[in-house]
Protein chains: 2
Amino acid sequence: MTGITATAQPAPGASGLRERKKQRTRDALTRAAMELFTTRGFEGTTVDEIAESVEVSQRTFFRYFQSKEHAALAVEELIEGHFMAALRERPAAEPPLEALRNAVLSTWDDVSTAIHEVVPLDLYMRMCQVVETTPALLAARMRGQAEMEQRLVAEIARREGLDPVLDLRPRVLVAAFGGVIRAASGHWGKCADDSVEQMRRSVEEHINTIGPALTGGWRAPGA
Amino acid sequence: MTGITATAQPAPGASGLRERKKQRTRDALTRAAMELFTTRGFEGTTVDEIAESVEVSQRTFFRYFQSKEHAALAVEELIEGHFMAALRERPAAEPPLEALRNAVLSTWDDVSTAIHEVVPLDLYMRMCQVVETTPALLAARMRGQAEMEQRLVAEIARREGLDPVLDLRPRVLVAAFGGVIRAASGHWGKCADDSVEQMRRSVEEHINTIGPALTGGWRAPGA
DNA sequence: TTGTCAAATGTCAGCTGCTGACATAATCTC
DNA sequence: GAGATTATGTCAGCAGCTGACATTTGACAA
């Protein structure tokens, strides 16, 4: 009704009591899930336990989340939404890679406040580590990112006025970009540095490496 | 014993009757799984049906495959093994991206014969389409590829004498490369052209696009 | 307020993927 | 051929997930 058609969540700036209540239980479920996952681990936590800790039936949990994995990655989805919006607002003059880069970096602060409306930031940080070390979650996240990448390809193609089926470049660019983002967050996850700032720097650094990494000539400083 | 230490499958060139039998049932299971998946769909097929069609208990199925998904992606894993071996054999003089590229292209023929020892090629082709359209399989495959990419990073770093933790470039390069491969196979899957040759060409074309896709200046031919 | 409608939730039953434990049957070794 | 290994079968059980139907709760109008 607000004009912002959501992905799967209830409308963000909703009006009625009903909508607000829905949003509340959804947030409560995500938070409860993340708290349990970060303490007992993902596989060590049952959906029943999550539901119970919010005093809701298991069936209700599955009405909010397609799967246990989706609950764990709810925040991730939120972030992707913000990023996509940021990309759409980049000036048309920016070349594709720069637009992607700037969208990531510019959206950073918005994102952390948006996250904080749902869960404490440090909980999210700890959750990232869990994701990075849980195969099932890694797989689910990668699937989500693949869907995201499809949307990115469409957007890039639109910006540049290209046919995303005939022209390979948007797909290739986005694939590379996505890979780099994954590499960055993986790197950040391992370093166990719990700051958003550090994460931002990691992403920036990785993006700046795209050029040098692909244009050979690595061995100048090495041997 | 042949020097090719396998990933999880029984040793390829095994000696005893036991080993050969194991390999036979494993192959039979993969083939049965793929045949059922391609006709009834992945979710429309139960593990019991697969096991039954090979006249084996469900429990045995799970002794061969960690999950239903793993059975669907068994061939994929086989291919990755060949690719990894090919990469290790590339001359040390080749710069990283070229080595990756050549490993893919050079290994192509070996792969198709290796596949054919397990399943008919056209069955594999049809299976690729199923993977591309089944969310659970997409996720599982991406996870597998992520693991593969880690191994690739290690190998590239070794070749170049770099520390894969400190130096970002191997990770970034492999991420980009992996993304491109995914883009290529996705593109091939959509075009529904059932030839290996076409697939090879698609991969080659995509790899050659890496440079142009990243170095901006797209709008020369377009508008 | 009250009554009506729609939407959210609870309850229950059931399927499917997957695993541990133990018994049985097949291969290997001598 | 006897005994040690190893693969397989059987059984029981948990956890994720879904459809169907009953029940409650908020929305809206008379």
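## Asp167 and Arg169 of chain B

Asp167(B) is buried, at 18% relative accessible area; buried means under 20% relative accessible area, exposed over 50%, and partly exposed in between (1.4 Å probe, protein chains only). Asp167(B) pairs with Arg169(B) in a salt bridge whose closest N and O atoms lie 2.8 Å apart. A salt bridge here is a side-chain nitrogen of Lys or Arg within 4 Å of a carboxyl oxygen of Asp or Glu. Arg169(B) is buried too, with a relative accessible area of 15%.

## Basis of the values

This is a predicted model, in which local features need pLDDT of at least 70 and side-chain atom pairs count only at pLDDT 80 or more, while totals for chains, interfaces and linings use all residues. Residues are numbered from 1 along each chain as its sequence is written, chains are lettered from A in the order in which they are written, and side-chain values use heavy atoms, with hydrogens and water left out.

## Other salt bridges

Over all chains, the structure has 16 salt bridges. Side chains of opposite charge can pair when their charged atoms come close.

In chain B, Arg141(B) bridges to Glu132(B), with 3.4 Å between the closest N and O atoms. Arg141(B) is buried at 8% relative accessibility, whereas Glu132(B) is partly exposed at 24%. In chain A, Glu49(A) and Arg40(A) form a salt bridge with closest N and O atoms 3.1 Å apart. Glu49(A) is partly exposed at 25%, and Arg40(A) is partly exposed at 47%.

## Cysteines

Cys128(A) is buried at 10% relative accessible area, and Cys128(B) is buried at 11%.
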